[in-house]
Amino acid sequence: MIFRRPAAGSLARRFALASAALATFALILTTASSWWLVTRQHGAAMHILSQKEVDFHAATMSSTLHAISSRLSEVASSSILAAGLVDSAGRETYITPYLNSMRQINGVPIQVLFTDFSGKEISGNGIAQFTDSDMRWLVRHINSGQRGADIIEGPNGPELIGVELLVYARTQTPEGALFYKILLRDLQPNDTARLTWGTAASAAARTRIPMVKVAVNSPPVFKHLNFHIVEPPGETSAADLAPQFATIFIIALGLAGTVLVLGSRLAVKLTRDLQKLEAFSRSVVSEGFSRQRAEPGRSTEIASLAGSINHMLDRLYEQHAELQREREKFLQLANTIPQLAWIANPDGRIHWYNDRWYEYTGTQPEQMEGLGWQSVHDPAMLPHVIERMQTSIDTGRPFQMTFPLRGADGEFRPFFTSAAPLRDGAGRIVQWFGTNTDVSQIERAERAVRESEERLREGLVAARMAVWDWDLGSGQLRFSANAADIFGIAAMANNAAWDAVHREDLPALRKAINRAVRERGHFDQVIRMVRSDTGVLIWVEVSGRIISNDRGNPQSMRGIMLDVTVRKQAEEALRIANRRKDEFLAMLAHELRNPLAPISTAAEILKMAHPDPERVRLTSEIITRQVDHMTSLIHDLLDVSRVTRGLVKLEREPVNIAEVISGAVEQVRPLIQSRKHMLRIGSQSEAAYVTGDRTRLVQIVSNLLNNAAKYTAEGGDIVIAVGLNAGSVDISVRDTGIGISPDLLPHVFELFTQAERSPDRSQGGLGLGLALVRSLVELHGGSVDVYSEGTDRGSLFTIRLPRLAVQDKLSTVKPEAAVGATRPMVALELMIVDDNVDAARSLAVLMEAEGHRVTVAHRADKALEAARRQPPQVFLLDIGLPEMDGYTLAAKLREMPETRAALLVAVTGYGRKEDREKSETAGFDYHIVKPATREEVVAILARGRREHKKYAS
């Protein structure tokens, strides 16, 4: 009815029907066109959004790959790994912690393995898992000498493996390798975007499905892998659009009737809905994405358009939310990495920092606004940092630099800073992403390595040790830098090295080396070498070990050389000293047995019944002479001990050399006369004085005269002369004796040195006299020399002493002390305490013969009991008593009222300076070294009686 009447109605109605039909057709056409345009715009928008997302993923992937390549190259060139190749003993202390710090690079897990030149593992970062095929790939690249990377199929999917070679200027081949592996799934951006490589990237480009594809700007080592990021654009299927098209068709039919019936009212209403939709569109543009959606309105066209817009907004909102989630993930990742991270605008103005930045610097976000980052930089380095950053911003190149940053504690620590530009599809920089890595531990480790290397070099120099490396193929020998100073060698060919070895040691060395090569082992040999620079012969200990290649064939030999010349000389000196010690002990035994024989015989004579007085007198003289001889030997030994230990103190005073010579001649005259020598003393033109100890100077000259008398045959000549110089006095002793052989001449002043003797040892002595002469002369600031033309040609000894000027002598002369008159000896009450019964009895007999009353005790406790009963005036105490020594006994006697003022005399075999000091501390008045002579004891008793008047009887 409705359709029929307008068709048969007036022209207005037909026009209305036509208008409605045209309006309906126009509306349908407009709706379809709008839908087509919206769909196209939606597809274009989705494609642009996908392109942006893929560009972002490609830039992120490029930054990650560059960071991996840069970091691994830096580690491979580190001195820490170089030191680890040669420091097999201590490298675990610093290489393992160093590699363990590399378990992630830019958040990507990485497996790292550090190997030697043969691919043998040295250390890893704790997560390294490499298969046998991986290791074979590594060995091929080490042998080729080229760094590289490849993608292989692993148990966990595709894997990116690569190697950085450790090549140094001193070698032609790699000395080690840094092997790494990354699972490609760890590099995938997300579930939608895919990382492709090689032919897979080309195949993705040829597929019928439209794909958004961007090539990854890879570093050179990964360039050949042809990395791409591929992602399909978002689309809306036809099935999703079918309900909308049906709705549009139905609404179009309804609109045709509505236009016919309602006319203008429908136009007004449609216009109102369009206005609302337009207002909604403006709000979306101005306010951004939200959950607000367009109202459908009352017209189908507007409702359809609103539905399409709402559908598009829903998709855009979801994509925006996804991008926001990805951004939050990125920021979360940036906040969890150990590095300080930041993002800057294309002009370099930083607008975001991660949490680690604020934690380390101790700053707040408002403090970092604008140029606030400059406040945590070292003022001295800041201008250079700004200059370098500005250069990178102007050129668009990545920025890398190490500089200090101040922490919250106020301390500056070094940070390695790396910043890379992120670009859009057109290559324009949209922002900069940078990280700051704390390298203070690395610098400390490198400093520790440098110090360790320096200590190693110092140790090699101090130990006179050098390291060598011998290429068995070429015969080239290489030495460490200190070899030139120690051995006079730096680098030489095979033949030259053999020529430097002493010809007598060459066969043994060749045999040891050949055996080491044959057994794939090592050798250790001590040889003599002739320095190529000086020609000096040195002793060298050589050690070496064979280095084999992968097939087990000897390739090179590496080892050390140690200069043991000093050790060899010391061994020889010890051998000579040991021989002299044995000779000295034999001489000492002989010299001690000689006097014991007549003493023993004399003792047997005294045991005979009723010996006549003359025989007793002769026997006593024999015993006295032999005891004096033994005492002289012991005194010589003690003198040598005191002089060599620096315990001799000189009583310095001006001394006339003429008096010294006179005293020495007087001491040696009996020996000279007994051997019928002719002694001549040269005359002096003027008096000569020196500053010294008169007794020791006499001892020096008498030792030379005694030596000349003993080693000159009977009837020989001995000449002593004095020569005067401006600042010195020369005393020379010349004889016509047995002379000195050239071999013995350099050693005559050493201890225990004597010429060859016949078994009868007619000259006697221990070889100590000349050693004493040199030591005492040097104590006086002088020197002594010897000259001999050889065996049986006599000898000449010359002493040179600093001369004292006459005016100095006159100004330092001390007046002679007055000699007190002696008083007659009176009888004293004496107690002798000695655990040696014979020594105590013999001393008691001697004291009784002097008229004293003597009590003898052999134990300290018995002596104390006897002293309480009848206190003696004088105690002669042995030090080495059993249970209670003489020092303790003396202290107890000083504590007793009865014996506090008694005269205490130590009679002991201990004669060192510290023994005398200990005696004085314990309370002794005098200290006598055994054997005590009658004269010593009588003199002490005389002095003690004068000092203690209460003892006079």
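This is a predicted model: local features need pLDDT of at least 70, side-chain atom pairs count only at pLDDT 80 or more; totals for chains, interfaces and linings use all residues.
Student: Thanks! How many helices and strands does the chain have?

Tutor: Helices (H or I, at least four residues) and strands (E, at least two) are DSSP runs, numbered from the N terminus. Here the chain has 27 helices and 33 strands.

Student: And what percentage of the chain's residues are buried?

Tutor: Buried means under 20% relative accessible area, exposed over 50%, and partly exposed in between, with a 1.4 Å probe and protein chains only. Of the 953 residues in the chain, 41% are buried. For contacts, the rule is heavy atoms within 4.5 Å. Among contacts between residues at least 6 apart in sequence, 60% join residues at least 24 apart.

Student: How do I read the packing of two helices, say H25 and H26?

Tutor: Start with the axes, which are lines fitted to C-alpha atoms, for helices over the stretch in contact; angles run from 0 to 180 degrees between N-to-C directions. Angles under 35 degrees count as roughly parallel, over 145 as roughly antiparallel, 65 to 115 as roughly perpendicular and the rest as oblique. Helix H25 (residues 886–895) and helix H26 (residues 913–922) have axes 8 Å apart, at an angle of about 25 degrees. H25 and H26 are therefore roughly parallel.

Student: Which residues of H25 and H26 meet?

Tutor: From H25 come Tyr 887, Ala 890, Ala 891 and Arg 894, which meet Asp 915, Lys 918, Ser 919 and Ala 922 of H26. The residues of this contact divide into four nonpolar, one polar and three charged. In this scheme Ala, Val, Leu, Ile, Met, Phe, Trp, Tyr, Cys and Pro count as nonpolar, Asp, Glu, Lys and Arg as charged, and the others, Gly among them, as polar.

Student: How many aromatic pairs does the structure hold?

Tutor: A pair of aromatic rings is described by the distance of the centres and the angle of the planes. Rings of Phe, Tyr and Trp (its six-membered ring) pair if their centres lie within 6.5 Å; planes under 30 degrees apart count as stacked, over 60 as edge-to-face and the rest as tilted. The structure holds six such pairs. In one of them, the rings of Trp 137 and Phe 179 have centres 5.8 Å apart and planes at 15 degrees, so this pair is stacked. The pair links distant parts of the chain, with Trp 137 in helix H5 (residues 132–144) and Phe 179 in strand E7 (residues 176–183), 42 residues apart. Trp 137 and Phe 179 are both buried. For Tyr 353 and Tyr 358, the centres are 5.9 Å apart and the planes at 70 degrees, so that pair is edge-to-face. Tyr 353 and Tyr 358 are both buried too.

Student: Which residues form an aromatic cluster?

Tutor: Phe 130, Trp 137 and Phe 179 form one.

Student: And where does the charged end of Lys 568 sit?

Tutor: A charge sits over a ring if NZ of Lys or CZ of Arg is within 6 Å of the ring centre and within 35 degrees of the ring normal. The charged end of Lys 568 sits over the ring of Trp 539, 4.8 Å from its centre.

Student: What about backbone angles: which phi value does Lys 676 have?

Tutor: Most residues other than glycine have a negative phi. Lys 676 is not a glycine, yet its phi is positive, about 60 degrees. Lys 676 lies in the loop between helix H19 (657–674) and strand E23 (678–681), and is exposed, with a relative accessible area of 60%. Glu 883 also has a positive phi, near 65 degrees. Its place is the loop between strand E31 (874–877) and H25, and at 72% relative accessibility Glu 883 counts as exposed.

Student: Is Asp 505 buried or exposed?

Tutor: At 12% relative accessibility, Asp 505 counts as buried. Asp 505 lies in the loop between helix H15 (494–500) and helix H16 (506–519). Leaving aside neighbours within four places in sequence, Asp 505 is in contact with Ile 527 and Arg 528.

Technical notes: Residues are numbered from 1 along each chain as its sequence is written. Side-chain values use heavy atoms; hydrogens and water are left out.
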